[in-house]
Amino acid sequence: MLQYENIAWYEDGVVRILDRRVYPVEVTKVECRTHGEVAQAIKDMVTQSAGPYVAASMGMALAAYECRGRSEAEQLEFLEKASYTISHARPTTTWRMERITTSCLEVAKKVFAAGGDDASEAIREFSIEQNNTRYAGIGKVGKHLAALFPDHGAVMTQCFAETIVGQMLKEARLQGKDIRLYCPETRPFFQGSRLTATVCHDMGFDVTVITDNMPAAVMKNEGIDLFTSAADVICVDGHVVNKVGTYQIAIAARYHGIPYYVSGTPDKGHPTVDTVKIEMRNASDVLMAMGHPTANQEVKGYYPAFDITPPELVTGVVTDRGVYSADRLNEYDTGDGEFLV
């Protein structure tokens with residue numbers, strides 16, 4: 001689950017993406033034979049959390065395969081359109097996705113400048129290199145985050161970020177931290193119960209799944225020591241955009257005196273929260289659970305994919321360079337390095 005070749009992988013004109021909508025009950029992969037199908041898979045939540053970033057670069061490799069053999073100008077035009085299509089599959093993370101797809105476009109330009117006419121393999125190799133760099137950076141985040149855990153205690157998570165969950169637990173084990181984890185289910189796609197909890201279990205930790213209306217009660221009754229999440233966007237002004245439900249858990253954590261640490265790096269493309277567009281998904285998903293109706297299908301649903309937690313509810317932002325308070329993120333120099341998810 002933590003190996004990116006099992007998240008999304010390009011080979012021989014096909015991108016295969018692990019279908020997280022049904023994992024771990026089923027382990028199946030969706031096959032995409034055009035970059036448009038990759039974009040659609042991202043939009044349809046076939047892959048989630050950090051998965052779209054892996055799929056984006058592999059989708060660009062597929063796009064290069066689709067247009068191979070054409071003139072350089074035609075290929076560049078095709079790849080520029082593919083970059084836009086893939087990066088705009090979901091609106092809230094467009095800035096991060098564009099960084100990936102435009103970097104792949106630069107790789108293609110170097111291939112063409114060297115006389116090549118098929119950039120697909122070069123882009124795939126670039127994707128692997130970038131993912132290795134990102135995983136190494138997240139390893140540093142995981143080390144800083146695990147250092148905040150009590151030696152024996154309880155940690156509540158929210159949603160799913162396979163890289164940071166895996167790295168923080170690996171570091172917790174190395175640091176001798178014996179922790180219990182509580183994972184809210186994160187409806188309607190159940191990333192917390194299906195994905196986060198599975199990774200925690202597979203890594204040998206004591207993990208308990210709770211429903212989305214239980215966090216406050218669990219904090220009070222089970223002695224939660226720390227609440228943590230990754231983020232889809234961390235604005236430089238300290239606002240955190242993450243899976244809907246994060247905001248209410250942060251409120252409950254503040255009431256109970258529990259620190260909330262967000263992992264990731266500030267997004268210089270989002271200096272203030274008003275630059276973020278919250279994705280509104282199909283409201284009918286709220287009336288279902290894993291494909292089964294749970295409400296009168298004639299009533300209305302409401303489904304913002306993300307919510308916004310204000311900086312005053314964030315104890316700290318855990319980056320590869322240490323922990324920053326939410327009101328001092330401008331001191332983190334993103335430079336041209338990789339964002340971390």
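**Contacts, packing and space**

Modeller: This is a predicted model. Apart from its neighbours within four places in sequence, R33 has contacts with G13, V14, L62 and E66.

Colleague: What distance separates the C-alpha atoms of R33 and L329?

Modeller: Along the chain, R33 and L329 are 296 residues apart.

Colleague: Are α1 and α2 roughly parallel or roughly antiparallel?

Modeller: Two packed helices are described by the angle between their axes and the distance between the axes. For α1 and α2 the axes are 8 Å apart and the angle is about 165°. Angles over 145 degrees count as roughly antiparallel. α1 is therefore, relative to α2, roughly antiparallel.

Colleague: Which residues of α2 make the contact with α1, and what is the hand of the crossing?

Modeller: The crossing of α1 and α2 is left-handed. From α1 the contact takes H35, V38 and I42. By class, the contact of α1 with α2 has 7 nonpolar, 2 polar and 1 charged residues. On the α2 side, the residues are P52, A55, A56, G59, L62, A63 and E66.

Colleague: Why is α2 called roughly parallel to α4?

Modeller: The axes of α2 and α4, the latter spanning residues 94–113, come within 9 Å. They cross at roughly 25°. Angles under 35 degrees count as roughly parallel, so α2 and α4 are roughly parallel.

Colleague: Which residues of α4 make the contact with α2?

Modeller: α2 passes α4 in a right-handed crossing. α2 brings P52, Y53, A56, S57 and M60 to the contact. The residues of this contact divide into 8 nonpolar, 2 polar and 1 charged. Those from α4 are R96, M97, I100, T101, C104 and L105.

Colleague: How do the residues of the contact of α8 with α9 divide by class?

Modeller: α8, residues 215–222, and α9, residues 246–255, pack at an angle of about 30° with their axes 9 Å apart, which makes them roughly parallel. α8 passes α9 in a right-handed crossing. The contact is made by P215, A216 and M219 of α8 together with I249, A252 and A253 of α9. These divide into 6 nonpolar, no polar and no charged.

Colleague: On the backbone, what is phi of M45?

Modeller: Most residues other than glycine have a negative phi, and most peptide bonds are trans. M45 is found in the loop between α1 and α2. Its phi is positive, in a residue other than glycine, with a value near 70°.

Colleague: What is omega for the peptide bond that joins Y23 and P24?

Modeller: P24 has its place in the loop between β2, residues 14–18, and β3. The bond joining Y23 and P24 is cis, with an omega of about 5°.

Colleague: And what is omega for the peptide bond from R187 to P188?

Modeller: P188 lies in the loop between β5, residues 178–184, and α7. The peptide bond from R187 to P188 is cis, and its omega is near 0°.

Colleague: Which residues are closest to the centre of the largest pocket?

Modeller: The largest pocket holds about 290 Å³ of space. It is lined by 16 residues, of which 9 are nonpolar, 4 polar and 3 charged. Closest to the centre are R187, P188, D212, V244 and G245.

Colleague: Turning to the cavities, which residues are closest to the centre of the largest cavity?

Modeller: There are 2 cavities of 30 Å³ or more. The largest cavity has a volume of about 320 Å³. Of the 30 residues that line it, the closest to the centre are S49, C159, F160, D232 and N242.

Colleague: Which element gives the most to the lining of the largest cavity?

Modeller: Elements that give two or more residues to this lining are α2, α6, α7, β7 and β9. By class, the lining has 15 nonpolar, 11 polar and 4 charged residues. The element that gives the most, with 3 residues, is α6.

Definitions and conventions:
Residues numbered from 1 in each chain as written. Predicted model: local features only at pLDDT ≥ 70, side-chain atom pairs only at ≥ 80, totals over all residues. Heavy atoms only, no water. 1 Å grid on protein atoms, 1.4 Å probe; cavity = no way out; pocket = protein on both sides within 12 Å on 5 of 7 lines; lining within 4 Å. Points joined across faces, edges and corners; volume = space filled by probe spheres on them. Nonpolar A, V, L, I, M, F, W, Y, C, P; charged D, E, K, R; others polar. Helix = DSSP H or I, 4+ residues; strand = E, 2+ residues; numbered from the N terminus. Axes fitted to C-alpha atoms, helices over the stretch in contact; angles between N-to-C directions. Parallel < 35°, antiparallel > 145°, perpendicular 65-115°, else oblique. Left-handed = near helix turned anticlockwise from the far one by under 90°. Contact = heavy atoms within 4.5 Å.
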